[in-house]
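This briefing is meant to be read beside the sequence and the coordinates. Please keep both in view while working through the points below.

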Amino acid sequence: MLLKLFLFSLLLLFKSSALSNKKTHPSALNEKAGISPPEITSSTSIVNIQKFRKMQPSASELVDGILAGNITALSRAITLVESTNNNHLAKANEVINACLPHASKSIRIGITGVPGVGKSTFIEAFGKFLTSLGKKVAVLAVDPSSTISHGSILGDKTRMEELVKDKNAYIRPSASGETLGGVARKTRETITLCEACGFDTIIIETVGVGQSETAVHSMVDFFLLLKISGAGDELQGIKRGIMEMADAIVINKADGDNIRKAHFAKMEFNRALHLFPAKKSGWIPKTSTCSSITHEGIPLVWETIESFLGLTKTNNSFFEKRKEQNQYWMFETINEQLKLNFYNQIEIQDLLEPTKKAVQSDEISPFAAAQKLLNVYQSCKINSEDSQ
Ligand SMILES: Nc1nc2c(ncn2[C@@H]2O[C@H](COP(=O)(O)OP(=O)(O)O)[C@@H](O)[C@H]2O)c(=O)[nH]1
Ligand SMILES: [Mg+2]
């Protein structure tokens, strides 16, 4: 009995010491008394932000906001334009149509060049220069490869540190989408919204490689190709089509040891440009050098663009080109939409794989197969119209 009592008190002693241990060594999950939250997260500002997020502004409220230069309204409208939700389409179109008469008083500049050439750094330097002249600059990007990353320009914002902070600049990551056509159309519409919001200089960075240059070229007034000097083989590996589209070739990174090489590259490009047929506008493409780090040569790029504007607005080719671009985008949109509708049709989706196999095994010619699918699509359309 005595032994039992002794063991019991020993157990009690052990338990209480374990408990007191717990008190002196709190678990990592225990919370300490915190510091009070900073002012910015005060309950009133949280309520205001939440209220705004929940707000569903009507099309006309968005338009009023955009025309008044409200960046939040602009961002919301762009999100609407980028939305893949079919219900948003009508509202987006309403906003764009209302903005259209207020757009187009701007200059649209496309900037292309291989990754690493310094496009983002250049845009930071060039954009800051333009805002110092009192201009309002919007930076957009066409990057069809960024469906997952939502636009490399987001990462590039770190290269545009100063421009991001500038109240006269607006940087928007590229729209994401399945097809280049879709992304390009959204960028076109975003240009309209930015212009209606008072941005007079629109810079569009081509982030993707290949086809996106053509899409960007067809939505800008001035197309700038950024290059860096190499080891004397500047012209190698450069696509003829891109050089042909360029209104200016600017050799970037003309600083430090690179200056001499950059000037040599400039001369070589200048010679090469003379081999291309003259542009319809009468503009002779220019070459120059610059450094986006030291800013040497940046003002000259703007001077070049100004003389381009002087010439093309006087001989009217500036406005003619915009009209042609508008037509191009109308047809592009029709083509894109038709293609999308065709492949989204459930009957086509069912037939596509077996028909593809039949073509592969020579059971049917590719033309007959295409015709068969198109006929199916057409009868689906007729049936759906009849049932309406
Ligand atoms: N020395 C020098 N480096 C530059 C210049 N412009 C860009 N860079 C550097 O080149 C790298 C790529 O620049 P980035 O702007 O990201 O190129 P992007 O991929 O064409 O947008 C970065 O490390 C920049 O700091 C320049 O004018 N001079
Ligand atoms: Mg970049």
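Which residues are buried in α4? In this predicted model, the buried residues of α4 are Ala73, Leu74, Arg76, Ala77, Ile78, Leu80, Val81 and Glu82. The protein chain as a whole contains 16 helices and seven strands, and buried residues make up 32% of its 388 residues. Among contacts between residues at least 6 apart in sequence, 73% join residues that are at least 24 apart.

**Helix α4 and its surroundings**

- Helix α4 covers residues 71-82, twelve in number, and spans 16 Å from its first C-alpha to its last, which is close to the 16 Å expected at 1.5 Å a residue.

**Cys197**

- Cys197 belongs to the loop between α9 and β4, and this residue counts as buried because 25 other C-beta atoms lie within 10 Å, where 20 or more are required.
- Once neighbours within four places in sequence are left aside, the contacts of Cys197 are with Ile66, Gly69 and Leu74; of these, Leu74 is also one of the buried residues of α4.
- Between Cys197 and Gly69 there are 128 residues of separation in sequence, yet their C-alpha atoms are 4.7 Å apart in space.

**The sheet**

- Seven strands form an open sheet in the order β3-β2-β4-β1-β5-β6-β7, and their pairing is parallel.
- The edges are taken by β3 (169-171) and β7 (286-289), each of which has a single partner strand, so one side of each is left without a neighbour in the sheet.
- On average, and with direction ignored, neighbouring strands of this sheet are turned by 20° against each other.

**Strand β1 and its partners**

- Strand β1 (residues 107-112) pairs with strand β4 (residues 201-206) in the parallel sense over five bridges, with Ile107 standing opposite Thr201 and Ile109 opposite Ile203.
- The pairing of β1 with β5 is likewise parallel and runs over four bridges, and here Ile111 stands opposite Leu224.
- Five of the six residues of β1 are buried, so this strand is largely enclosed by the rest of the structure.
- In a regular strand, the side chains alternate between the two faces of the sheet.

- Helix α6 (residues 119-132) lies across β1, β2 (137-142), β3, β4, β5 (222-228) and β6 (248-252), and its direction runs at about 175° to β4.
- Helix α12 (residues 259-273) also packs on the sheet, where it touches β5, β6 and β7, and its direction makes about 175° with that of β7.

Note on methods. Residues are numbered from 1 along each chain as its sequence is written. Chains are lettered from A and ligands numbered from 1 in the order in which they are written. This is a predicted model: local features need pLDDT of at least 70, side-chain atom pairs count only at pLDDT 80 or more; totals for chains, interfaces and linings use all residues. Helices (H or I, at least four residues) and strands (E, at least two) are DSSP runs, numbered from the N terminus. The expected span of a helix is 1.5 Å times one less than its number of residues. A residue is buried if 20 or more other C-beta atoms lie within 10 Å of its own, exposed if 12 or fewer, and partly exposed in between; C-beta atoms are placed from the backbone. Two strands pair if DSSP finds at least two bridges between them. Axes are lines fitted to C-alpha atoms, for helices over the stretch in contact, and angles run from 0 to 180 degrees between N-to-C directions. Two residues are in contact if their C-beta atoms, placed from the backbone, lie within 7 Å.
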